[in-house]
Amino acid sequence: MDEKNFLTDIPVFQNNLLEWYHKKKRSLPWRENPTPYHVWISEIMLQQTRVEAVKEYYARFIEVLPDIASLASVDDEVLDKLWEGLGYYSRARNLKKSARTVMEDYDGELPNTCHELLKLPGIGPYTAGAIASIAFHEAVPAVDGNVMRVISRIFGYYGDITEPSVKKEMEHLVSELLVKKEVHHFNQALMELGALVCLPNGEPNCNSCPVKELCFAFLNAKQSELPVKKKKKARKIEERTIFVLADEYNRFYIQKRAPKGLLSNLWEFPSAPSHLSIKDCVSFLQQYGFEVLKLTEIEQAKHIFSHIEWHMKGYFAKINSNFIKETQLNYNETSYVWSSKEEIEEIYCLPSAFKTYLNSIDKGDIFHELNRFVHNKIQP
């Protein structure tokens, strides 16, 4: 099907899609009360995160921070803790920056146009279009990955969807399709079709599609070819050794990461930038002022970031807190603490990259063995 022929069928496409959406749409908490604030928070959370995973985080976030004013004034540690597990923590920090801007420049009310929304930190064309159309019913497109996949298959569009110029063309095509009186439903219907039916990786549920008879890919068996998307670069592999350091009071050492870079300003177990042997671990810890009383190797783990993959080797170490020198692993005295596991879970934002090692504290005989305080110093 070429674009010209398809455009003559816009009313059929619109009606079929909207009818399907009203019957099949998922019940989502932010849809039940689509205030501008709720739509904004949900859309930021849904970036890079699955819908099912977002639901619990969204409910907790809205309970603690029910409006823009509370978000603008929230303590950074509280905000990070609310976001813990969602990843891409810059999203949360941009939310707070934007909330402050809204309080100062927009009288505490989220801007009601796509043009003004784009001025806020962390809000790009898709998010601005989603908020403007869903919350304010402005007739603007909201083109995310799901929508680009749908449009590529419907139109038989072979442009590389990772290219900014192609996304601009997609936005133009969606603008031609919009049902202006029902734009809030129409944009969500396109997203929902991509999420539930027009699935990625060449395996869409075409038999369930309300617009399959208008779809180039379905009529020509080209689903696996579309959309066109260049392959991502291979992730860089980094080896790390993670240390779970415990003192005789069953407190654990955590420290803050640097203020810039990966996982900036979040809490972590200390680590070395390679895989170390037990002997090398003792030497490494001693040079930072820790007297190691017992060292036990624990499980390995892997964590995937967008461009980096950590392959981690872990150790539990029992530390003599009476002989901890001032040269801690982290040189800023205010950026490390000794805390119980319960305090870490309740207060400090420990990214999911380290959760394997937090959870390992209570596992099996390892911790019980370390709990027997050993007075004989290990020799490297």
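View 1. A cavity is a set of points, on a 1 Å grid over the protein atoms alone, where a 1.4 Å probe fits but cannot get out. Grid points are joined across faces, edges and corners, and a volume is the space filled by probe spheres set on the points. This is a predicted model, where local features need pLDDT of at least 70, side-chain atom pairs count only at pLDDT 80 or more, and totals for chains, interfaces and linings use all residues. Residues are numbered from 1 along each chain as its sequence is written, and side-chain values use heavy atoms, leaving out hydrogens and water. Searching the whole structure turns up one cavity of 30 Å³ or more. The largest cavity holds about 90 Å³ of space.

**View 2. What surrounds the largest cavity.** Its lining (residues with an atom within 4 Å of a point) is made of 15 residues, and Arg153, Ile154, Cys198, Cys209 and Cys215 lie nearest the centre. Two or more lining residues come from each of α11 (145-155) and α14 (216-219); helices here are DSSP runs of H or I, at least four residues, and strands are E runs of at least two, numbered from the N terminus. The largest share, three residues, belongs to α11. Sorted by class, the lining has 12 nonpolar, one polar and two charged residues. Ala, Val, Leu, Ile, Met, Phe, Trp, Tyr, Cys and Pro count as nonpolar, Asp, Glu, Lys and Arg as charged, and the others, Gly among them, as polar.

View 3. A pocket is an open set of points with protein on both sides within 12 Å along at least five of seven lines. Helix α8 gives the largest share, four residues, while α7 (76-83) and α8 (90-105) each supply at least two.

**View 4. Ser264 in its loop.** Look for Ser264 between β2 (252-256) and β3 (267-268). Is Ser264 buried or exposed? Ser264 is buried, with a relative accessible area of 13%; buried means under 20%, exposed over 50% and partly exposed in between, using a 1.4 Å probe and protein chains only. Setting aside neighbours within four places in sequence, Ser264 is in contact (heavy atoms within 4.5 Å) with Arg93, Ala258 and Pro259.
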